[in-house]
Structures are given as C-alpha cells and as structure tokens.
Amino acid sequence: VLFGYCFQQFEESVCSESYDVCVSEFGVLAVETGSGVSWESMQSASILNLSPLCAGLVFALPVMGVGSHFAIHRLVQEKWWASVCSLAVYILLMLFLCLNAFFWGKRPLDSKEWTLNVFFSVLVCSTLLTFFGGVACLGCLTWWLCCFLLVYTLGPITVQNDMAAGAEENVFAPIAAGSNFAASATALVMYGILLLIGAYLRDIASRRRFLQGVMSRRQQNQILQEKIKAETMTRIFLESILPPRVVEQMKRIKRSLGQPSCLSQRHFGVSILYADLVGFTGFCRRVDPERVFIFLNDLFVTFDQLCDDFNVYKVETVGDCYVATVGVVTGNCEIDAESHGRAENTIDMIGFAKAMVWGSREVTKPVVNTPATLRVGVHTGSCISGVIGTKVPKFSIMGDDVALAALMEKKGKPDHIHASESVVALVPDEAWEKHTIVVDSADGRERVVETFLLSV
C-alpha cells in the first residue's frame, strides 16, 4: 500500500505536466479518473494487489507449512522431509501470486502495473526462500525452474492477449507492458543467478562447518575414549598388583590431595599359604636364567589360574616362593576377633593347596626334564595388610601368624601340605598325619611343636 501511495503521487505529478506522457505511461484511465489519491487507487497500484481468494491462500500456506514442520519433526524420522515441505510451500506461494498477477488481480487493459506485480512477487518469494526457507541449493534451483516455467509461459500469453485486445480498442499500454515484462523477466534471470550462486556458496560453507563439527566431535570422542581406555587400563593394572579396596582408598586420598599415611588393616580368620619349589637353588645353577624365568612364569601362571576357583588372593611371589591368602581380599573378610569365617577360608585354602601340587606336576623343569615339586605350608590366624612405599608400592601382609605359615612351608616335606594345629582343627576331615618340628621360642630355647602333614 505504501508503494501504491508513492506510485499514485508520481502518477499525479506526471499527468499534471504532460497529457501524452500520462496516456503512454499510465493509460487513459489515469487521465479520466482525475487528480487526487484515494484508498482505492493506492490499493489498485500496490505491489501485491491480492484478490480475496489469493489473500486467503497466501495466508493459509504459511500456517500449513508451520503445522507440517511441527508434525515432521515430531513424527517423522527422516528430517529431510521438512525441507521438501518448505520447498513445496514456497512453490505453491509463487504459483498463487503469479496467478493473481496474471489473472485473478488483473488491472484494466490500458494498465501495465501487473508486470511490477509479477516482478515483486517472484522477488519476495525467492528472497524469503533463499534466506529463510532452510532449503539447499538444489531446492532453490528447482524453485527457480518452476518459476521460470510459469513466468515465461503465462507472461507471453498474457502480453499477446492484451496486445490483441488493445489493437481492437486502440489502446497502446499493452505494448509498453510487454516491454516492461521483458525487462522484468531479464532482471529476474540475473537475480536468480545471483541467489543461486549465493545458495551454492552457503551450502559449501554449511557443509564445511558441518564436517568441521563432525570432525571436532569425533576427535573429542576419540580423546574421551582414549582417556577412558587409559583410566581403565590403569585401574586394571593397579587392581592386578593391589586389592581393589586399596586402589579406591588411594584414589580418594589423591582426590583430596592428601598423603597415604595409613592404608593398613587388621584381619582375623585369615588362611595363609606359603609354597616353595624343592631344589630350586641347585636347579638354577644348572639352567640358563632366561629358561628359569620362563619355567617360573609357566608355573605361577598355572597357580594364578586356580585362584578364582578357590577365592584365593595372590599376595606376592619372592623368587620361587608363592604367597596367597583367603580372608584378606577374597573369601570371608570378617574383621572381627570372633570371626566365624575361619573354617570357610581354611577349606578354600586347603583345596587350593592340593590343586597347586597337582598343577605343579604338569609343569616340567627344563634341562632336567622332571616335574616341579612343591613344599606347601598353611596356617590360619590373624594378620595386618597394607601398602608399603610410594615408589613402586607393594601390598604385603605381616604378623606372627604370617611368620608361622612361612615356617610351616620351611619345615614341610615335598608333595605334602604342612599345616598348623589351628588348620587341622578347622578342617578335620582330611587324612592328616601327625608331625613334630623344633622351633626357637622367644627366650632362645628350642621347643617341640606338633604339626600335621597331608600327602597329595
């Protein structure tokens, strides 16, 4: 309407100065209506002189587009249908505006303003589609092909019909309208090329940003996965040399920026095992050290594979000595002097000791080609566990009962389980044989202690 007001002001100024120019440019109707600007004249000269039908369709299309977009994003998994819907809405909008310019809202025969209506209709739709439609370059190209098909088909037909009707009524305005239409159509081609180039460049920039975002997210995911993998490997490694409980305590201390002042704990009802190879010193003199390491690794791997079957936790290996417990990390870990888990822990340890002796016979010593022979000592009592040191920290167990278990192994016999009296009291159903050993007491005197042997 603002354009119509300005156009009517310009028309009035031209017609007041020259009759011939007024007739050639604006038609006889502009002279006959006289001077003055009215609402009807401004509406008639407006850029989009919409008929009631076209106005209703133009209003309904955006509402339908918004509703379809909402439904697609809510219900449809393939989101590219939203772009197809947007393109269809803009094609229909352009179709209705062109039909309004050519037929529904047509001006008098001596008027050539319909060419501006066509030009601005296409201009407005194409600009909105390119900058706000969310359609890719291929969609914009499809829209322009449909637009050129409509304009270059209906435009010449309208000009030809108006010129034929004008020739009969001696009206020359259709000729000027044809000239204006040709200029407008050429301008639309140039404008369309510019918009398509802009859409193409925008698509390239959008794809580049998308790929950069994808690569950035992928790198972030890789970094996160590597971090998680490193933390997992670190945790698995730590838990392979330290109990999970101790690892969690160390993590909490590290998060609180404290020093691991005390990670020790007292345990009761713990079954402790010491196992040693018979004749290992002489064997090492005869065999290359590398082959000794390979033999020990094969033997200890056999023992490690048995641990989970009997709820046994491997504490450490010192040379050919294998140390394990039930009741410190695995088994019944009651921290009570009146613990009732002693029998359960001891039964598991005796079963593990038997399996160790049987498994050692399956591993052959290199060079000498004889099976490994074990001497095993078992005792059940109390102990203290904890981590020693901060550089290469080591989980260890200490206490008088630990020393007694080591003594059982030292005073034992090959292929036998040497157990203390407390072990036999908890596992009396085994075929124990009485045995005596001589130990040094606290006052330096020797005393005889009754122990038990179990042949395996």
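Mentor: Let's begin with a term: a residue is buried under 20% relative accessible area, exposed over 50% and partly exposed in between (1.4 Å probe, protein chains only). Helices (H or I, at least four residues) and strands (E, at least two) are DSSP runs, numbered from the N terminus. This is a predicted model, where local features need pLDDT of at least 70, side-chain atom pairs count only at pLDDT 80 or more, and totals for chains, interfaces and linings use all residues. Residues are numbered from 1 along each chain as its sequence is written, and side-chain values use heavy atoms, with hydrogens and water left out.

Trainee: How many residues of strand β4 are buried?

Mentor: Strand β4 spans residues 374–388 and is mostly covered. Of its 15 residues, the buried ones number 13.

Trainee: Which residue in β4 is the bridge partner of A275?

Mentor: Two strands pair if DSSP finds at least two bridges between them. Strand β1 (residues 265–277) runs antiparallel to β4, with 11 bridges joining them. Within β4, A275 has as its partner V376.

Trainee: Which residue in β6 stands opposite R375?

Mentor: Strand β6 covers residues 416–419 and runs parallel to β4, joined by 4 bridges. Opposite R375 stands H416.

Trainee: And what residue in β5 does I384 stand opposite?

Mentor: β5 (residues 394–398) pairs with β4 in the antiparallel sense, over 5 bridges. I384 faces its opposite number there, M398.

Trainee: Which residue takes a positive phi in the hairpin of β4 and β5?

Mentor: That hairpin has 5 residues between the strands. The positive phi, near 85°, belongs to G389.
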